[in-house]
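Hi,

Here is the structure I promised to pass on. Have a look at it first, and my notes follow below.

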Amino acid sequence: MAMRRGVPGNTRGTWSVIAVLSGFSAAVTLALGIVVKATDLRGPLLWWAVGAAAALVALAAAAKDYHDRSREPIGAGLARPLGAPPHKLPLLGKYFTGREPQHDQISKRLRPPSNRHGLLRRKQPAPLPHICVMYGTSGAGKSQLAVSHARRQLERHSLTWWLNASRPDTLRTELLELAGHINIPDQANKNVVLTKLWNWLRANPGWLLVFDDARPDDPVVREQLESLRGAGGEVLITTRGPGGWEDFSALPFELRGFSPDEGLEFLQKRTSSADGKDAPELTALGEQLGWLPLALEQAAAHIVKTGVTVQEYLRGLPRKANDEDTFRLAIAEIAQTSPAAVDLLRLFAFLASQDIRRVQLVEHGAVVPAPLREVMDDPPAFNREVRLLEAHSLLTRTDEGRIGHFSYGMHPRVQELIREQLDIRGRLAWSQAAARLVEAWFPAEPDQFESRAECERLMPHAEAAIAKLVWLDGKDGALGASQDPEALARLLHRVGVYQETRCEWGRALPLFTQEADLCRIGLGSPLRHATAKLAVARQHYLLASLGDGEAECQEALRLCQAHDGDTDFLLLQAKCQRQLGGIMRERNRFREARKAVRAAVAIYQRQGPEWDTLDRAVAEQEIGMIYRNAGRLPRAEQCYRRALDLVPNRGSQEPSQFVVFRAMIERDLGIVAQDRGDLDTARVKLTHALSVFREYRGNEDFETAQVAKFLADVTRRLGEQAHAAARGTRHPLRIRRLRRTERLHLTQAETLLMPVLELHRKRRATEAHKYAACLNKLGSLRLSQGHVDEARRTLEEAVAIYADKYGVRHHYRAKSLTRLGPVLLAAKERTEAELVLREAEGIFKEALGPHHPVLMAVYEHLADCAHDRGGHDEATALRAEAARIRGSLWLM
């Protein structure tokens, strides 16, 4: 009898067990009813009997539930998610065979028994995705088994999506494609899109995601799996090794080669030998190849294409053969009649393994070596080469849905074998041909919004071409970058710009560094060299590596100053000066910071009024930020307002970048108001700025998150003000109103802060300093909410991060200490609180001077400590010092 699709084979006898248990429990219950009615039993015997009957009923219900669950779709009883796309699964191989035991193993891991009835029912936490990890050597058939399982279970899932997880950018691209299919709007910061995708998956359970060829040490894979915690779905992972998945509670199982029976069945199907005449020879072939599916496929394809007998093919194999030997025979056969087909394989070996589009190959065929270029210019000839490679199972072709539009793919193991066959000159030639091809494909302006979808799609190819690029390697290293060094530099720069645009600074840095290295040895123009150096400096600055950033920025400046009369170098020099100013500001070298940015302003002024006013306005804003960090708030406010005046108001025709810039100035003015203690003004300005950033940048954009973080802190302080006011009055109605206001403000502060914290937690490995800034705000919020222990742990973590990132004497660490002081006082550790606050005072005075606004909070908290131990005169003096600094904040 045929099994119902999706029902594991070991459940076919379940109904007999259910029938026995249900019948027996019903009989016991009926008999008890009769006995009770007849004798009106009371006492222990009755309760034992009733308990036994209830247990049997519960057991029968649970067994029936498990059986029903294996038969019905996961989404049964749930509305299918609105906008859920059709599945995205590769085609299942025409000759896929067997693997029933492995199907059952996947099902058991993805669908453990549920406990939803009777005595077995327990309160469950938020649903976690069930994860199955399947590992095995390359060519064992992991992907095909995953495809087969997913296709069998389509009706069970509300959404099924295939994710190529072989490379970080490939996985991101596939996830963003899924987001697009479920109508999540695209945004500049792709982390925004991914966060919305995870929220959608949490809200719409019953899905299956397949992570194909994932690596447990890939930070992107781990980040995405962590993001799925709390979501109700299933995750099937294929990978090459068993280790590294322990964090996800996944017990991997190994997929080996076919069993002899399955392997023989496959070979008979593939070679059309169903009559069994060649069974002994095919069995010998399978044994010689270890029943490895990829090797069997290549061997069978060769036999079918060339018409040789199995015996003849066996004579060409060594005694202990593998997929490398079957590949070698196939290439030798193809090379005899079609060298261009082999060249096509060599080109594809240095690209991503999927989505190599024919239309782009043909359009940019001029950049590939001559013999292959000539074939690509002749469509019939190109089609013949592709069909030849398909026939040997070395290439796959997918129809994109339009006539003549195809994309090609190649098994990663085949790519690996091709690269291993090439000598150094071959690797140089074909790796650079692939890099030139991807450079021709990649948009020239990757930071433009309209280019981002194509950039995202091409990132897997760009990543593969750059990772596999052979240059400056071995004796012939100079040859590695000699063919088209400008193309290589352009590719590195464009991909780096795109990574920076999506706030992936840690990934942009090595790309710009490689570009600068190419230019340094004379393989790029001096202007490109200086531009690359500035880009390297900018990534170091964004990653808080300020020493490295300053050194790279100074080098870029020297390169520009060597061409002082050139307008292009002059304008790049202005950018270098502004970047240097930002670095000096973060290092508290405020005089040098102002000098650098004013040098940039002077360059803009020399260009005349026709020069871009936004650059000039941003430079003025940056001077304001230097004054603000130095504690000179009136000067900072003056600069911000001057920057606003430099940007003309164009009403409804105003470009979006002008609108966002105005919101940035509104944010900066709000921060100045916060520093002065004018919390109502700060709240109004930050709220307006946040609404603009959300509209133009999205909720989880970095700049949006910064505004939300500051607004959360202002709102928390308003809650504290309400709390203090409630303590200072005896009027019951006023106290009640103020307490309600306090709770409202603290709730709003948490609502604003928690998404920002989560955004930075995911990026902690490369941006720990930004995460620590969120922890500062969270620690103070938890103290205001009365969670003293959590506040202490949070702030101590921030202190440790800043000490590790900047050193123990940095003023950022002192900011965390300032917030930690009142937490320790609330924990009845006054002495420790005073020590911490005095340390913060010393750091601030050393780094920022004795009159900086940050000292106000230190003195107010020290006054609280002094008052707590009875030092009222000392407390009065400390509050007077805080008031003196506050009064100076309005003076120029």
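How far apart should the ends of helix α36 (residues 854-868) be at 1.5 Å a residue? The 15 residues of α36 should span 21 Å, and the end C-alpha atoms are 22 Å apart, which agrees. The expected span here is 1.5 Å times one less than the number of residues in the helix. Helices are DSSP runs of H or I with at least four residues, strands are runs of E with at least two, and both are numbered from the N terminus.

Before going further, a word on the source: this is a predicted model, where local features need pLDDT of at least 70 and side-chain atom pairs count only at pLDDT 80 or more, while totals for chains, interfaces and linings use all residues. Residues are numbered from 1 along each chain as its sequence is written, and side-chain values use heavy atoms, with hydrogens and water left out.

Back to α36. Its buried residues are V854, L855, M856, V858, Y859, L862, A863, C865 and A866. (Buried is under 20% relative accessible area, exposed is over 50%, and partly exposed is in between, with a 1.4 Å probe and protein chains only.) They pack against α28 (656-676), α34 (811-826), α35 (830-848) and α37 (872-888). Just after the helix, G870 has a positive phi of about 90°.

Just after α25 comes G608, with a positive phi of about 90°.

Now for a strand. Seven of the seven residues of β4 (residues 233-239) are buried, so the strand is largely enclosed by the rest of the structure. G233, V235, I237 and T239 point one way, while E234, L236 and T238 point the other. β4 runs parallel to β1 (residues 130-135), joined by six bridges, and C132 has L236 as its bridge partner. β4 also pairs in the parallel sense with β3 (residues 207-212), over five bridges, and there W207 is partnered by G233. (Two strands pair if DSSP finds at least two bridges between them.) With helix α7 (residues 219-227), β3 and β4 make a right-handed β-α-β unit; right-handed means that, with the strands pointing away from you, the path from the first strand over the helix to the second runs clockwise.

A cavity is a set of points on a 1 Å grid over the protein atoms alone where a 1.4 Å probe fits but cannot get out, and lining residues have an atom within 4 Å of a point. The largest cavity has a volume of about 60 Å³, taken as the space filled by probe spheres set on the points. Its lining includes N191, W198, E223, Q224 and R763. α6 (190-203) gives the largest share, four residues.

Leaving aside neighbours within four places in sequence, E797 is in contact (heavy atoms within 4.5 Å) with R764, Y771 and L775.

Cheers

Methods: 1 Å grid on protein atoms, 1.4 Å probe; cavity = no way out; pocket = protein on both sides within 12 Å on 5 of 7 lines; lining within 4 Å.
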